[in-house]
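Work through the following exercises with the sequence and the model at hand, and compare each solution with your own reading.

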Amino acid sequence: MSHLPRILTVGAEVALLPAAVRKFPTKIFRSNVSNINCQLRLQNRPKGLLAPGDLQLIESPVPEIRDGQALARVKYLSIDPTMRLWMAADTYLPAVGVGEVMRAIGFAEIVESRHPDYKKGDRLTGLTGLQEYVILDESAKRSFQKVPKIPFVPDTVFLGVLGVNGLTAFFGMEIAQPKKGDTLVVSAAAGATGSIVGQIGKIHGCRVVGIAGSDDKCAWIAKDLGFDAAINYKHPDWKEKLATATPKGIDIDFENVGGDIMQTVLGRMNLHGRVVLCGLISGYTKGDPGMASFATVLVKRLRVQGFIILDYASRFMEAATQLGHWKMFGKLKDRETIVEGLEKAPDAINMLFTGGNTGKLIVKL
Ligand SMILES: NC(=O)c1ccc[n+]([C@@H]2O[C@H](COP(=O)([O-])OP(=O)(O)OC[C@H]3O[C@@H](n4cnc5c(N)ncnc54)[C@H](OP(=O)(O)O)[C@@H]3O)[C@@H](O)[C@H]2O)c1
């Protein structure tokens, strides 16, 4: 077997579609060769949404492990908006190099080990990349964390509520310093992070208002998650509805979106309010940070704090314990949007920017 990677064939039915509707490969056509590692490698830095070919599906042989290494099979991939930033330029992490396996967080299980710290069957989350198999070596301790098998708890919670989104919501809400009776507004409220933020706000006794992009999403967060109000920002009168839902102004903006939504929310902030700058997704496909005007920040004497979840790594266990406790006692509910197949990961990434997901977006391999 050649050790050179092989580009997978795109199915004939896909190639025959007119260019305008042609999508990413819809199926992996596996060769008969065993021990193949399918990978998605960055081929072009995308402009706007991902286009076919920006991520290329490659077959590589599954490498043989040496002493001090373990091989893990990736079962689930966490699809996160920051992946689009990693494709474009250096940010808080260096950009993924063209030709490299696309960086991604995943859930994996050890299938073979010559590493003293890992045994077959161990389960981990960490930077697996968009691929089927990943090698763990001496540097794995920094980028992987073992997770337990908990009866009746699906593995995917370690990518959502007990993973990056739960942790982000937890530490972001710590920055927000919520007090009973505060009005908290969260954008991308039916997403993986926003849906947990709002529920933590309720645990702290806040009035919680969520902003989301469909009536179904609004119904979920208001009826099932207990938000006090939910505003569909795609309705023309959403700004008036936001004003009605926040009669005492806004004390905390948990900002996930930026742009017009952030500008409108800042306009209703109370003096000395707190803005937790978690993400600015409306700008990620536009090469524009989507930042609202600082004039409002100044005039309203707001405290704005940005954060990156990696800064809190030393406290992840403490946060996961609290999140797990809330989940066990029914105070945190979650939902997942699961897309099947590595080859669908590019479509899945785009769903984040078109609102195709409710709750945590995951690719199942
Ligand atoms: N600071 C950190 O360490 C950290 C860590 C994790 C995530 N984040 C940030 O948190 C935010 C949410 O991430 P997530 O992983 O939880 O994703 P998510 O909310 O599950 O998915 C993204 C959602 O954003 C909404 N959206 C996309 N484009 C939009 C636009 N132009 N205007 C308004 N809404 C838009 C869509 O929902 P609608 O249907 O409602 O439009 C989409 O479903 C992102 O900004 C992300 O970068 C930051």
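**Exercise 1.** Determine how the residues of the shell around the ligand divide into nonpolar, polar and charged.

Solution. The shell comprises 16 nonpolar residues, 11 polar ones and one charged residue, where Ala, Val, Leu, Ile, Met, Phe, Trp, Tyr, Cys and Pro count as nonpolar, Asp, Glu, Lys and Arg as charged, and the others, Gly among them, as polar. This is a predicted model, in which local features need pLDDT of at least 70 and side-chain atom pairs count only at pLDDT 80 or more, whereas totals for chains, interfaces and linings use all residues. Residues are numbered from 1 along each chain as its sequence is written, and side-chain values use heavy atoms, with hydrogens and water left out.

**Exercise 2.** Identify which N or O atoms of the protein lie 2.6 Å, 2.7 Å and 2.8 Å from an oxygen atom of the ligand.

Solution. Begin with asparagine 357, which places a polar side-chain atom 2.6 Å from a ligand oxygen. Next, a side-chain N or O atom of tyrosine 284 is 2.7 Å from an oxygen atom of the ligand, and isoleucine 309 uses a backbone N or O atom, at 2.8 Å.

Definitions and conventions
Polar contact = N/O pair within 3.5 Å; in protein donor to acceptor, adjacent residues only side chain to side chain.
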